[in-house]
Structure formats: structure tokens, C-alpha cells
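Let's take a walk through this model together, stopping at a few residues along the way. Please keep the sequence and the 3D view open side by side.

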Amino acid sequence: MVIRDADDGDWPAIYPFFREIVAQGRSYAFPEDLSREEAHGWWMESPPGRTVVAVDGTTVLGSAKMGPNRPGRGAHVATASFMVDPRHGGRGVGRALGEHVVDWARAGGYRSMQFNAVVETNEVAVRLWRSLGFRVLATVPGAFDHAEHGPVGLHVMFLDLRVPR
């Protein structure tokens, strides 16, 4: 597996699993009816942000987007979002993308990383982020309308990048 910068040529491979994951209603609050062109704007970051893909040969296994959590005086805190093609789950793609993003943020001089909205019932993601050193700062009750469970909490997760791994 190789992680590299994504470009517009990767979007046709990313969009199908982006659409599928959003439509499942379990982990992302993106609008469910985004066209391919509209979804591109939600996922493909412009500088200072960055979007990457994890690939095995020419197969896109997953993608991550990253950048400052807020502009201006909040730009020293990074954030990121991740999607792994469900057909390639269980292969360590999410962990590899997570490690890559944390390393990118550290190398870029960010002081910390904040995930604004990790669905509390997404146990795989919560476990992964905790294993990478993130902690739950707060949970906003009922902030996500889960397709199966109804209103569930959204975790705000935090990692201090000034602390060595």
C-alpha cells in the first residue's frame, strides 16, 4: 500500500465509496444527495489542505483529507476526515491513513489535531483514534441522526502533537 497525494484523476475511484459511505448514514453528516461534482468540493481539499489516497497498484483503497481546523488564529490545530472503501476494509488502510495524517500534521508544525465529529457508535473509528493517542474531550448528545440508532452523540477528539509518540 502506498499513500500519495490525490488528484482529480482519482476522484472517479473515490466518489463511489464516498457516496456509499454517506448514504449508509452511520458516520458522515454530508448531504446524501450530492452529485459527483458537488461531492468533489466536499472532499478534495485545496491548499493549505491536502487530500491523499491509499493505493494498491492502481486500486484506490481509501482516502483522507486534512488541513487546518479553522482559519486564522485557529490554523495551528489540524483536522482530518477519512474514508476506506468498504470492499477493502480490514486491511489496515484506516490505520495507515491515520498515521500518515498525524505525521503530516506534526511535520507541518501543527500543535494539535482535533476531530470535530466522530460518531460515538462508530466503534472501529473511535478505537483506532484512541490507539493513535486521541482522547474524547466531549460528546455532543444526539448531534448525529444515525440511520439505524436515531440520534447519537458526536465525539470531539483531540491529540496533542507536541507530545512525542
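Strands here are DSSP runs of E with at least two residues, numbered from the N terminus. With that in hand, remember that you are looking at a predicted model.

Is Ser112 buried or exposed? Its relative accessible area is 7%, and the limit for buried is under 20%, so Ser112 is buried. Which residues does Ser112 meet, once neighbours within four places in sequence are set aside? Its contacts are His76, Val77 and Ala78, together with Phe158, Leu159, Asp160 and Leu161.

Next, please turn to strand S7, residues 150–160, where you will find Gly153. Gly153 has a relative accessibility of 2%, and therefore counts as buried. If you leave out residues up to four places away in sequence, Gly153 touches Val118, Val119 and Glu120, and also Thr139, Val140, Pro141, Gly142 and Ala143.

Finally, let's move to the surface. There, a patch of negative charge brings together Glu32, Asp33, Glu37 and Glu38. One of these residues, Glu37, sits in helix H2, which covers residues 36–43. Why does Glu37 count as exposed? The cut-off for exposed is over 50% relative accessible area, and Glu37 is exposed because its relative accessibility is 61%.

Definitions and conventions
Residues are numbered from 1 along each chain as its sequence is written. This is a predicted model: local features need pLDDT of at least 70, side-chain atom pairs count only at pLDDT 80 or more; totals for chains, interfaces and linings use all residues. Side-chain values use heavy atoms; hydrogens and water are left out. Patches are made of residues with over 30% relative accessible area and no salt bridge: like charges are joined within 9 Å, nonpolar side chains (Val, Leu, Ile, Met, Phe, Trp, Tyr) within 5 Å. Accessible areas come from the Shrake-Rupley method with a 1.4 Å probe; for residues, only the protein chains shown count as cover. A salt bridge is a side-chain nitrogen of Lys or Arg within 4 Å of a carboxyl oxygen of Asp or Glu. Lys and Arg count as positive and Asp and Glu as negative; His and the chain ends are not counted. The place of a charge is taken as NZ of Lys, CZ of Arg, CG of Asp or CD of Glu. Helices (H or I, at least four residues) and strands (E, at least two) are DSSP runs, numbered from the N terminus. Buried means under 20% relative accessible area, exposed over 50%, partly exposed in between (1.4 Å probe, protein chains only). Contact means heavy atoms within 4.5 Å.
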